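Please walk me through this structure in plain steps.

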There are 2 protein chains.
Amino acid sequence: MPRLDFWYEFASTYSYLTIHRVETLAQAAGVELRWRPFLLGPIFTAQGWMNSPFNIFPAKGRYMWRDLERNCAARGHPFTRPAGFPQNSVKAARLALAVGDAARPDFSREVFLAEFARGQVISDESVLAGILRDLDLPADLLEQAQSDPIRERLREETETARKLGLFGAPSFVTEDGELFWGDDRLEQALDWARRP
Amino acid sequence: MPRLDFWYEFASTYSYLTIHRVETLAQAAGVELRWRPFLLGPIFTAQGWMNSPFNIFPAKGRYMWRDLERNCAARGHPFTRPAGFPQNSVKAARLALAVGDAARPDFSREVFLAEFARGQVISDESVLAGILRDLDLPADLLEQAQSDPIRERLREETETARKLGLFGAPSFVTEDGELFWGDDRLEQALDWARRP
């Protein structure tokens, strides 16, 4: 079965669009999906951005919120603009690694829903603890997520993302290293993944 | 008949994707299209970019060329990467205004084809003169395009674009001021334009 890596960042607004449809489309295409959380912050910093480009460039930021609102409405997704943007996504990303491969998709979807459907703060441990509880996952994962091996793994994943050429989220990378950026490119990425 | 403004920049790679399909889709949607060339340079400069973001941010640039190549191949458009990027598009944009409303779509398509299908330099007057000749347009338009009223008009159009919130090309703006950015948003822009 061909495989596609789905790289996402919990602070990323367009990743929120993707989480609603990525599993269904991958399944329909017969493509195995790997959910790979990473951090955009270090990648932005390396190219000289100390903040999200949506904050650095106001016209781009205004457009992004409007575009997101329009697309959430058209697709029937709930949307609440969080008070702060971008949110600090480090704890959520570490926890997404700590919960393991099987629970990662559900956990990740719940984090995005907390953030962009309900406007919650995902760096708040009580929000993350609530998600673990709702999914019947052990509460002590919160502590494990702060362990050195998990911290190191997130650093490595982010470095892998950078080496693959990623500069935004969501991104999709096929087994032969072809990179697709943005929710709009999901279909092309799946088509590429299953090329003979 | 509802109207949609199609804002494009001759140096813009993604505008090249759009010129192949914008007329057909607008016609099918029953939407009147206004071709509005403008310059991104002054808008980029105003937000602190002295070059194209595709040159300032190498990962983004590498991706853009690959994405463009893939999409041209998938849609059957010829593609030759021009030697320099971004090209100086001022003369071509002024000339697109000088040729008048009726000739503007054909003239603009030919400029994009020269640049991205054949890799020609669109600031070269012999290239522009060749396009005028091929379209049976008067050669002295080249001179008229350098007149003060045309220069001033391009400045005004660019300022209008900035005020509308444009920060990239192609962009589409409906009569009620709704902005859509990118070739990927053309369908949404047309849908919005003909909302009751």
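Predicted model: local features only at pLDDT ≥ 70, side-chain atom pairs only at ≥ 80, totals over all residues.

Ser89(B) is in contact (heavy atoms within 4.5 Å) with Glu9(B), Phe10(B), Ala11(B), Leu39(B) and Ile122(B), leaving aside its neighbours within four places in sequence. Ser89(B) is found in the loop between helix H5 (58–75) and helix H6 (90–98) of chain B. Helices (H or I, at least four residues) and strands (E, at least two) are DSSP runs, numbered from the N terminus. The relative accessible area of Ser89(B) is 5%, so this residue is buried. Buried means under 20% relative accessible area, exposed means over 50%, and partly exposed lies in between (1.4 Å probe, protein chains only).

Residues are numbered from 1 along each chain as its sequence is written, and chains are lettered from A and ligands numbered from 1 in the order in which they are written. Local features need pLDDT of at least 70, side-chain atom pairs count only at pLDDT 80 or more, and totals for chains, interfaces and linings use all residues, while side-chain values use heavy atoms, with hydrogens and water left out.

Now turn to chain A. Which residue does UniProt list for "active site"? An unreviewed UniProt entry lists Ser12(A). UniProt positions are given in the numbering used here, feature names are shortened, and annotations may be inferred rather than shown by experiment. Ser12(A) lies in the loop between strand S1 (3–8) and helix H1 (13–19) of chain A. With a relative accessible area of 8%, Ser12(A) is buried. Not counting residues up to four places away in sequence, Ser12(A) touches Phe112(A), Phe116(A), Ala169(A) and Pro170(A).

Next come the strands of chain B. Two strands pair if DSSP finds at least two bridges between them. Strand S1 (residues 3–8) of chain B runs antiparallel to S3(B), and four bridges join them. Here Leu4(B) has Thr174(B) as its bridge partner in S3(B). S3(B) is also joined to strand S4 (residues 179–181) of chain B, by three bridges, and these strands run antiparallel. Trp181(B) in S4(B) is the bridge partner of Ser171(B). S3(B) and S4(B) form a hairpin with four residues between them. In the turn, Gly177(B) has a positive phi of about 85°. Which way do the side chains of S3(B) point? Ser171(B) and Val173(B) point one way, Phe172(B) and Thr174(B) the other way, and all are buried.

Now look at the rings. Rings of Phe, Tyr and Trp (its six-membered ring) pair if their centres lie within 6.5 Å; planes under 30 degrees apart count as stacked, over 60 as edge-to-face and the rest as tilted. The count comes to 32 aromatic pairs over all chains. Take Trp7(B) and Phe38(B): their ring centres are 5.7 Å apart and their planes stand at 85°, so the pair is edge-to-face. Trp7(B) lies in strand S1 of chain B and Phe38(B) in the loop between strand S2 (32–37) and helix H3 (41–46) of chain B, so the pair ties together parts that are 31 residues apart in sequence. Trp7(B) is buried, at 0% relative accessible area. Phe38(B) counts as buried too, at 1%. In chain A, ring pairs link Phe6(A), Tyr8(A), Phe10(A), Trp35(A), Phe112(A) and Phe172(A) into a cluster.

Last, see where the chains meet. The contact takes 21 residues from chain A and 21 residues from chain B. In chain A, Tyr63(A), Arg70(A) and Arg185(A) lose the most area to chain B, together 27% of what that side buries.

Technical notes:
Buried area = accessible area lost by both parts, 1.4 Å probe.
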